[in-house]
Amino acid sequence: MRSVLVTGASSGIGRAVAKALLRQGYFVFGTSRDCSQFETSHSHFLPVEMDFSTLSLLAEQAKQLQIKHPSISVIVFCAGYGRFGSLEQFSYQQIDSLMTVNFTGQAVLARAFVPGFKRKDRADLIFIGSESALQGRRQGAVYCASKFAVRGFSQALREECAKSQVKVTLINPGMVKTEFFEPLAFEPGDDESNYILPEDLAAAVNYILMTRPGIVVDELVINPLNKVVKFK
Ligand SMILES: NC(=O)c1ccc[n+]([C@@H]2O[C@H](COP(=O)([O-])OP(=O)(O)OC[C@H]3O[C@@H](n4cnc5c(N)ncnc54)[C@H](OP(=O)(O)O)[C@@H]3O)[C@@H](O)[C@H]2O)c1
């Protein structure tokens, strides 16, 4: 069975993806900035402490992880956070941090694994983008920029990897009912048609991993049936 690295596995989408993959027998490496958050003692789960905001450490850590665990052949990039507001509400440091965690950190991790992945019979890189990767919206200048960056990166990488057996996929969800909204001033509406469940995305990841060799899911857009934003 394949080994999967899930970033941001302590919460929300990453946690649902990690749980679903464990149920199917995958060996899962799950990242968090604080591994004491993981309650599981599953024999196929290995916690990995990783902070996507400190790039100098991340590059070396990713390299070591790849060397130590060459069996990893899938990465699901779920780590990230949201900060919204008009541009003048962001400090320079906040702009830098959002771009680093949501984009540059993911690119650095991919950079460490792609050379080894290109030598494998099959490997998968699955990025969680966003509806904010498709359309810029008010209050979202920096967040949208970070997600547009992920989209451009994954599209280009998909082309770059086409001659190898590395499949690169981007999933762009609308609002997913997770802890993402805890620090924010808004959240999805209460009706079940107002949000995606993290388990819906775990099912999408499963589908992507089950595709036959020779095809790739380039991009998936998943939305709640009725988009309702509730202000707290
Ligand atoms: N929820 C939505 O509506 C939605 C919609 C579209 C896209 N997305 C995207 O989906 C991804 C996951 O979001 P979610 O809804 O699952 O949010 P979540 O429940 O808040 O989970 C975020 C995860 O990212 C990790 N993380 C945050 N900052 C980090 C950092 N500096 N370094 C390392 N890890 C960090 C967290 O781990 P620790 O705190 O344990 O370190 C946590 O596991 C994000 O990229 C988000 O932009 C979410």
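1. First, a term: helices (H or I, at least four residues) and strands (E, at least two) are DSSP runs, numbered from the N terminus. The model is predicted, so to speak from the outset: local features need pLDDT of at least 70, side-chain atom pairs count only at pLDDT 80 or more, and totals for chains, interfaces and linings use all residues. Residue numbers start from 1 along each chain as its sequence is written.

2. On the ligand: 29 residues surround it, with Gly8, Gly12, Ser32, Arg33 and Gly80 the closest (near means a C-beta atom, placed from the backbone, within 6 Å). Helix H1 (12-23) and helix H3 (92-117) are the elements that give two or more residues to this shell. H1 provides the largest share, three residues.

3. Now H3. Its 26 residues reach 35 Å from first C-alpha to last, close to the expected 38 Å (1.5 Å times one less than the number of residues). H3 bends by about 50 degrees at threonine 100 (the angle between axes fitted to the seven residues ending there and the seven starting there).

4. Buried residues of H3 include Leu98, Val101, Phe103 and Leu109 (buried: 20 or more other C-beta atoms within 10 Å of the residue's own, C-beta atoms being placed from the backbone). Among the elements that the buried residues of H3 pack against are strand S1 (3-7), helix H2 (55-68) and helix H4 (141-160) (contact: C-beta atoms, placed from the backbone, within 7 Å).

5. As for the whole chain, there are five helices and nine strands. Of its 232 residues, 35% count as buried.

Definitions and conventions: A residue is buried if 20 or more other C-beta atoms lie within 10 Å of its own, exposed if 12 or fewer, and partly exposed in between; C-beta atoms are placed from the backbone. Two residues are in contact if their C-beta atoms, placed from the backbone, lie within 7 Å.
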